[in-house]
Each structure stands twice: as C-alpha cells, then as structure tokens.
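Q: Could you help me look through the charged side chains in this one? I am new to this, so please take it slowly.

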Amino acid sequence: MKFEWDQQKNKANVAKHNLDFADAPKLFRLPRYKWRVVVVVFTEPSVQTIRIISLRKALPYERKRYEQYLRDELGES
C-alpha cells in the first residue's frame, strides 16, 4: 500500500493540529496516535494508493463513539 499527501497541506496540518501525515500509515492498523484517538480523512485514488487529506484529534463525540464501538466488539457493553 502506498500513502501520499500534499506537502504544503501537511505543513499546514502540523501547524494547526500538531499531527504529521507521515504518521498516518500506522493509524490504519490502530486509530490512536500517542494514546489519542484521531480522525484520518483520506481518499483512494487507486487500489494501491491512499491519499491523506487531513489528520486531527477526534472530537469528544467521535472518541466516545469509537470507544462504544470497541466495547460492543469486545462484548463489554
């Protein structure tokens, strides 16, 4: 799998959210970054390519939704 992004967009993302697109590939295995739940916005321009558009800390309702999903999957509701 190939990951790509616009360098200028990444610089702006680092300045705004303190998150680097270069860390995004790891997030496709576990959607946490340094123990924070994050949101990755991406597109798949081809079968083997993921283009990162945005990477940011999850909003409180997004984090809660993700945590509920995990509880449901683990049978801990």
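**Charged pairs**

A: In this predicted model, Asp23 and Lys26 form a salt bridge, and their closest N and O atoms are 3.1 Å apart.

Q: Ok, and where does Asp23 sit in the chain?
A: Asp23 is placed in the loop that runs between α1 (7–17) and α2 (24–27).

Q: Is Asp23 buried or exposed?
A: Asp23 is buried, because its relative accessible area is 14% and buried means under 20%.

Q: How many salt bridges does the structure hold?
A: The structure holds 5 salt bridges. One of them joins the side chains of Lys2 and Glu4, with 3.5 Å from N to O.

Q: And how accessible are Lys2 and Glu4?
A: Lys2 is partly exposed at 46% relative accessibility, and Glu4 is also partly exposed, with a relative accessible area of 22%.

Q: Switching to helices, which helix do Glu67 and Arg63 lie in?
A: Both of these residues lie in helix α3 (residues 60–74), where Glu67 and Arg63 are 4 residues apart, or about one turn of the helix. Glu67 and Arg63 form a salt bridge in which the closest N and O atoms are 3.2 Å apart. Glu67 counts as partly exposed at 24% relative accessibility, and Arg63 counts as partly exposed at 32%.

Technical notes
Residues are numbered from 1 along each chain as its sequence is written. This is a predicted model: local features need pLDDT of at least 70, side-chain atom pairs count only at pLDDT 80 or more; totals for chains, interfaces and linings use all residues. Side-chain values use heavy atoms; hydrogens and water are left out. Helices (H or I, at least four residues) and strands (E, at least two) are DSSP runs, numbered from the N terminus. A salt bridge is a side-chain nitrogen of Lys or Arg within 4 Å of a carboxyl oxygen of Asp or Glu. Buried means under 20% relative accessible area, exposed over 50%, partly exposed in between (1.4 Å probe, protein chains only).
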